[in-house]
Amino acid sequence: MADITNNPKSRAEAMSLANTLTSFIILVTLVIWYDLLVQVNVDSKLMQQKGMQLYVTVTILKKTMQFLREFRDTRFEKSLVVARELAEELEMSPDEMVFSNESAACHRWVWKQFAYEADDESANLNPTEKFHTTFFLVVMDNAIASFSERFQQMNEFIENFGFFVPNCR
């Protein structure tokens, strides 16, 4: 778009969008979300089938929970590898294939109400660890909490109404 338009505003916006989409943080985020959403989408489609039985749904939820826990523990490094491969395909330089330390320039001041409150330790982390802590673990913990709630609701349903469904207990 930036190459074919004569409008300077459109050209600047296209260049800005292209630069943003080729940042390493965006690539890692896309890889993580893609891996998560593919698995959740497959499981969701299975559970929405017309003849789905309750005990099969519980089994699918258990396997999804197991996948999320394993993903949280092991997949961050694999996501970085895949993102680096994508960056190489996009012809990014090795200097661009790292997390930038831009957030350190915009340090937010947080007031402490009490003297015993600890300082923010995330300022001491390198950019990769900071991304892992502030994005990856937060996303994974939220996904696990959401599926845990659904799993708990399903178990309560089985406890209350499981006698209606054969092979459920």
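The legends below describe close-up views of a predicted model.

Local features are taken where pLDDT is at least 70 and side-chain atom pairs where it is 80 or more, whereas totals for chains, interfaces and linings use all residues. Residues are numbered from 1 along each chain as its sequence is written, and side-chain values use heavy atoms, without hydrogens or water.

**Figure 1. The protein chain comprises four helices and zero strands.** From the N terminus on, the order of elements is α-α-α-α. Helices (H or I, at least four residues) and strands (E, at least two) are DSSP runs, numbered from the N terminus. Of the 169 residues, 26% count as buried, a term for under 20% relative accessible area with a 1.4 Å probe and protein chains only; over 50% is exposed, and in between is partly exposed. Among contacts (heavy atoms within 4.5 Å) between residues at least 6 apart in sequence, 74% join residues at least 24 apart.

**Figure 2. Helix H3 (residues 54-89) packs with helix H4 (residues 127-161).** Two packed helices are described by the angle between their axes and the distance between the axes. Here the angle is about 170° and the axes lie 10 Å apart. Axes are lines fitted to C-alpha atoms, for helices over the stretch in contact, with angles from 0 to 180 degrees between N-to-C directions. H3 and H4 are therefore roughly antiparallel, the term for angles over 145 degrees. The residues of this contact comprise 19 nonpolar, six polar and five charged. Nonpolar covers Ala, Val, Leu, Ile, Met, Phe, Trp, Tyr, Cys and Pro; charged covers Asp, Glu, Lys and Arg; the others, Gly among them, are polar.

**Figure 3. Arg-72 and Asp-141 form a salt bridge through their side chains.** The N to O distance is 2.6 Å, and the structure holds one such bridge, defined as a side-chain nitrogen of Lys or Arg within 4 Å of a carboxyl oxygen of Asp or Glu. Distant parts of the chain are linked by the pair, since Arg-72 belongs to helix H3 and Asp-141 to helix H4, 69 residues apart. Arg-72 is partly exposed at 27% relative accessible area, and Asp-141 is partly exposed at 34%.

**Figure 4. The largest nonpolar core has 32 residues.** Such a core is a set of buried Ala, Val, Leu, Ile, Met, Phe, Trp, Tyr and Cys residues joined through side-chain atoms within 4.5 Å. Phe-24, Val-28, Ile-32, Leu-36 and Leu-68 touch the most other members. Helix H2 (24-47), H3 and H4 each give two or more residues to this core, and H4 gives the most, with 12. Beyond its neighbours within four places in sequence, Val-28 contacts Leu-80, Ala-83, Phe-99 and Phe-131.

Key
Parallel < 35°, antiparallel > 145°, perpendicular 65-115°, else oblique.
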